[in-house]
2 protein chains.
Amino acid sequence: MTYSTLEQRLDRCSINTATLGHRLPIGQTLELIARAGFGHVAPWRRDLQDSDLKQTRRQLRDCGLKVNAYCRSTYLPAATRAGFEAALADNRRAIEDAAELQAECFIMVVGGLPEGSRDLSAARSQVSEGIGLLLDHARQHNVALALEPLHPMYAADRSCLSTLEQALDLCHTLEPDGFQHLGVAIDAYHCWWDPKLAEQVQRAGRQQRILGLHLSDWLVPTRDLLLDRGMMGDGVIDLQGLRHDVESAGYQGTIEVEIFSRDNWWQRAPDEVLRTCAERLQKRC
Amino acid sequence: MTYSTLEQRLDRCSINTATLGHRLPIGQTLELIARAGFGHVAPWRRDLQDSDLKQTRRQLRDCGLKVNAYCRSTYLPAATRAGFEAALADNRRAIEDAAELQAECFIMVVGGLPEGSRDLSAARSQVSEGIGLLLDHARQHNVALALEPLHPMYAADRSCLSTLEQALDLCHTLEPDGFQHLGVAIDAYHCWWDPKLAEQVQRAGRQQRILGLHLSDWLVPTRDLLLDRGMMGDGVIDLQGLRHDVESAGYQGTIEVEIFSRDNWWQRAPDEVLRTCAERLQKRC
């Protein structure tokens with residue numbers, strides 16, 4: 001058994017920059033995260049768009065932060081072939097940036113239905129085709145792609161990839177000989193409800209496909225479909241049980257906090273948010 | 001192939017009383033639904049609690065309405081054994097009422113996590129035990145129980161039964177020799193996102209477990225987790241495709257409309273809601 005608490009192990013932990021609400025320049029964000037003791041960061045593209053990647057890379061090195069994941073892909077399904085090709089091109093640029101940042105993986109949030117469509121099967125076919133094409137580029141740049149299934153409540157507008165089983169099926173189709181550059185990110189918020197979660201976590205572990213574990217909590221009641229995630233311990237997810245399952249399946253990587261919380265945590269000072277993340281990771285996860 | 005439009009087939013269609021927002025006395029509700037041409041109604045217990053069941057049954061007969069389903073069970077998982085037993089007792093009374101109303105089935109919305117619990121497995125065990133116990137009572141009263149998996153966004157507070165696959169697994173466990181009194185209700189809103197939906201609909205059909213098909217639509221954006229369902233045609237669900245799949249799997253029963261819509265349809269006159277349901281069923285489903 002490989003499970004132990006995260007007490008004194010913030011070096012294993014990461015802050016996804018969305019957790020701070022995208023409010024500060026990236027330089028300041030990295031400084032705060034490092035100063036709070038975290039060993040990793042998962043930056044969003046939007047937080048880096050006005051900055052020089054080489055300078056960011058230097059700062060990361062200087063403050064001792066590693067990039068466990070780079071967030072995230074442009075949605076793949078599109079109403080036109082030109083739209084699909086444009087999404088691919090944008091994702092190829094992002095994969096190059098992920099390589100530049102030495103990110104351990106590039107997070108793939110695949111997208112939902114194109115405008116005006118009710119055809120989930122067609123969207124899923126585009127996703128499969130698109131990931132297959134991007135995988136070549138990822139291989140060339142030695143970047144791992146982490147498919148992140150999102151909660152089914154985002155199937156229409158954010159991700160027609162909704163379960164870990166579905167993501168692993170896609171991995172198997174596109175990389176039938178086992179893990180090379182395609183795996184999954186397991187996000188507690190998106191997957192906690194799934195009756196097949198434990199079984200699929202084991203399957204993911206056997207195939208060495210687990211590239212990330214994201215934590216937050218499901219609040220009761222949840223007041224907004226997108227921006228009302230909870231801090232670990234404030235909701236109903238058995239986060240310790242999930243981490244136990246994921247680590248028992250062989251995952252020894254980074255534990256990342258990703259909280260979208262417009263009316264609560266995004267209203268608080270970044271230092272307070274980071275301190276709370278650190279406490280909850282060590283005591284409640 | 002058994003699929004055809006619902007044009008001129010409102011006799012096959014049902015209105016779930018929640019669609020009208022629980023605003024009128026049941027007598028008036030039944031009158032409006034019958035007058036609008038529907039052949040069936042799915043009443044909620046709360047709409048009948050102040051009325052005499054025998055009188056309701058007479059009115060149903062007089063206005064030519066059948067009860068395709070009676071809504072719904074009291075949640076099963078409870079923090080204490082006494083709470084669990086109380087839920088069972090209440091559900092037994094409801095099953096007796098369903099028999100009195102000659103309802104084709106009793107809808108089981110099984111409940112989520114008990115207060116203070118993070119243990120989904122324990123909740124699911126209670127559900128399994130509870131359904132098993134209620135099945136005896138259902139058999140005695142010749143009432144079919146329809147397990148209704150709810151959308152995963154309700155896993156915490158309404159239903160730890162989240163997918164059709166999970167519901168059918170439970171049916172198979174409790175009634176291993178095939179359908180007798182335990183089946184499923186397939187609700188488009190709850191199931192549309194599921195990558196295994198088509199496969200599991202076929203499985204349900206093979207086992208003759210499909211006891212109902214509920215329609216509404218998923219709006220983009222959805223502004224409330226519970227009370228922002230759309231009218232058929234206003235959202236992104238491929239309702240024709242779903243009905244086609246369900247009927248191809250052998251289901252020839254009632255098509256029911258169940259829409260919770262606090263800020264839109266519940267603000268409109270019941271007659272307008274019923275007229276719109278009738279139009280959309282005939283043209284868009």
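Mentor: Let us begin with Gly111(B), which is located in the loop that links strand E4 (106-108) to helix H5 (120-140) of chain B. Please bear in mind that this is a predicted model.

Trainee: Why is Gly111(B) called buried?

Mentor: Gly111(B) has 24 C-beta neighbours inside 10 Å. The term requires 20 or more, so Gly111(B) counts as buried.

Trainee: Which residues are in contact with Gly111(B), its neighbours within four places in sequence left aside?

Mentor: They are Tyr75(B), Leu76(B), Pro77(B), Arg158(B) and Ser159(B).

Trainee: What makes H1(B) roughly parallel to H3(B)?

Mentor: Helix H1 (residues 26-35) and helix H3 (residues 53-63) of chain B pack at an angle of about 15 degrees, and their axes are 10 Å apart. Angles under 35 degrees count as roughly parallel, and therefore H1(B) is given that description relative to H3(B). The crossing of these two helices is right-handed.

Trainee: Which residues make the contact between H1(B) and H3(B)?

Mentor: H1(B) contributes Ile26(B), Gly27(B), Leu30(B), Glu31(B) and Ala34(B), while H3(B) contributes Thr56(B), Gln59(B), Leu60(B) and Cys63(B). Sorted by class, this contact holds 5 nonpolar, 3 polar and 1 charged residues.

Trainee: At what angle do H4(B) and H5(B) cross, and what is the handedness?

Mentor: The axes of helix H4 (residues 81-100) of chain B and H5(B) cross at roughly 35 degrees and come within 10 Å. The crossing is right-handed. On the H4(B) side are Phe84(B), Leu88(B), Asn91(B), Arg92(B) and Ile95(B); these meet Gln126(B), Gly130(B), Leu133(B), Leu134(B), His137(B) and Ala138(B) in H5(B). The classes represented in this contact are 6 nonpolar, 4 polar and 1 charged.

Trainee: Which residues touch the most other members of the largest nonpolar core?

Mentor: That core has 178 residues, and those touching the most other members are Phe106(A), Ala146(A), Val184(A), Phe106(B), Ala146(B) and Val184(B). Beyond four places in sequence, the contacts of Phe106(B) include Tyr70(B), Ile95(B), Ala138(B) and Ala146(B).

Trainee: How many residues of chain B are in contact with chain A?

Mentor: There are 21 residues of chain B in contact with 21 residues of chain A. The chain B side comprises 12 nonpolar, 5 polar and 4 charged residues.

Note on methods
Residues are numbered from 1 along each chain as its sequence is written. Chains are lettered from A and ligands numbered from 1 in the order in which they are written. This is a predicted model: local features need pLDDT of at least 70, side-chain atom pairs count only at pLDDT 80 or more; totals for chains, interfaces and linings use all residues. Two residues are in contact if their C-beta atoms, placed from the backbone, lie within 7 Å. Ala, Val, Leu, Ile, Met, Phe, Trp, Tyr, Cys and Pro count as nonpolar, Asp, Glu, Lys and Arg as charged, and the others, Gly among them, as polar. Helices (H or I, at least four residues) and strands (E, at least two) are DSSP runs, numbered from the N terminus. A residue is buried if 20 or more other C-beta atoms lie within 10 Å of its own, exposed if 12 or fewer, and partly exposed in between; C-beta atoms are placed from the backbone. Axes are lines fitted to C-alpha atoms, for helices over the stretch in contact, and angles run from 0 to 180 degrees between N-to-C directions. Angles under 35 degrees count as roughly parallel, over 145 as roughly antiparallel, 65 to 115 as roughly perpendicular and the rest as oblique. A crossing is left-handed if the near helix is turned anticlockwise from the far one by less than a right angle, and right-handed if clockwise. A nonpolar core is a set of buried Ala, Val, Leu, Ile, Met, Phe, Trp, Tyr and Cys residues joined through C-beta atoms within 7 Å.
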